[in-house]
Amino acid sequence: MSGRTGLFVTLEGGEGAGKSTAARGLADLFRAEGGEVVLTREPGGTPGAEAIRALLLGDIPLDPLSQTMLHFAARADHAQNVLRPALARGAVVICDRYYDSTMAYQCYGQNVPIEAVAALIRLIDLHPDITFLLRLPAAAAQARLQARAGASDRYEAMGPAFFARVAAGFEAIAAAAPDRVAVIDAAQPPDAVVAAMRAAIGTRARR
Ligand SMILES: Nc1ncnc2c1ncn2[C@@H]1O[C@H](COP(=O)(O)OP(=O)(O)OP(=O)(O)O)[C@@H](O)[C@H]1O
Ligand SMILES: [Mg+2]
């Protein structure tokens with residue numbers, strides 16, 4: 001991709017794994033090192049994509065394929081208006097969830113064909129330099145979510161079989177892309193999670 005000099009980092013994993021906490025910690029670390037850091041999230045990151053997020057995380061029923069297309073509608077706007085420009089400026093871009101979440105939740109979790117999502121990924125054609133899969137046993141994630149006590153969304157209302165499929169999906173994605181995806185033990189304290197990510201970036205990214 002011409003002009004791209006930044007570093008594109010994505011964080012993935014189930015609810016309560018600590019993605020948002022780790023993303024903030026990693027952003028703080030890179031800011032302290034100097035240079036521009038863009039901390040963003042999906043679905044969201046632009047006004048249009050945040051409006052789509054409200055639809056996706058709301059309680060209006062949506063067919064899984066419709067959810068998939070909305071995720072990519074949001075992602076297209078985010079990629080074009082935030083991610084690509086930031087990477088062209090040379091920023092470190094840290095994105096809390098990206099296309100692996102769509103693959104895990106919609107394909108593995110809800111049976112949307114993998115090829116449909118793969119085609120949309122190719123259409124947007126913006127790939128992370130490194131992706132962190134924050135791996136945390138379901139019971140530990142559940143305990144964190146109960147302690148956080150926020151509003152539940154459409155996925156938090158789904159049963160354990162769904163979450164097992166999503167977790168298996170993330171593992172399959174990591175196993176299929178070992179050069180891109182680094183698995184992090186998310187049961188560690190937050191500082192250790194951030195340090196593990198920073199160490200992996202030091203040796204694997206900016207390729
Ligand atoms: N490494 C950690 N050790 C202990 N607690 C943590 C850790 N990381 C995050 N937490 C706590 O667990 C809860 C969930 O963390 P966080 O919101 O970062 O998860 P998340 O993966 O972003 O979840 P979601 O997918 O729902 O957005 C929060 O209350 C947070 O303070
Ligand atoms: Mg979060």
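This briefing covers a five-stranded sheet and the helix α7 that lies across part of it. The model is predicted. The sheet is open, with parallel pairing.

- Two strands form the edges: β2 (37-41) and β5. Each of them pairs on one side only.
- From one strand to the next, the twist averages 20 degrees.
- Strands of a sheet pair through backbone hydrogen bonds, either parallel or antiparallel.
- Strand β2 runs parallel to β3 (residues 92-96), and five bridges join the two.
- Valine 38 sits opposite valine 93 of β3.

**Helix α7: length and direction**

- Helix α7 spans residues 160-176, a run of 17 residues.
- At 1.5 Å a residue, α7 should span 24 Å; the C-alpha atoms at its ends are 24 Å apart, so expectation and model agree.

- Val166, Ala167, Gly169, Phe170 and Ile173 are the buried residues of α7.
- Viewed down the axis of α7, these buried residues fall within an arc of 155 degrees, so they line one face of the helix.
- The cover over them includes the strands β1 (7-12), β4 (130-135) and β5 (181-185). Helix α4 (99-108) is also part of that cover.
- Pro160, Ala161, Ala175 and Ala176 are exposed, on the face of α7 turned away from its buried side.

Conventions. Residues are numbered from 1 along each chain as its sequence is written. Chains are lettered from A and ligands numbered from 1 in the order in which they are written. This is a predicted model: local features need pLDDT of at least 70, side-chain atom pairs count only at pLDDT 80 or more; totals for chains, interfaces and linings use all residues. Helices (H or I, at least four residues) and strands (E, at least two) are DSSP runs, numbered from the N terminus. The expected span of a helix is 1.5 Å times one less than its number of residues. A residue is buried if 20 or more other C-beta atoms lie within 10 Å of its own, exposed if 12 or fewer, and partly exposed in between; C-beta atoms are placed from the backbone. The arc is that of the directions from the helix axis to the C-beta atoms. Two residues are in contact if their C-beta atoms, placed from the backbone, lie within 7 Å. Two strands pair if DSSP finds at least two bridges between them. Axes are lines fitted to C-alpha atoms, for helices over the stretch in contact, and angles run from 0 to 180 degrees between N-to-C directions.
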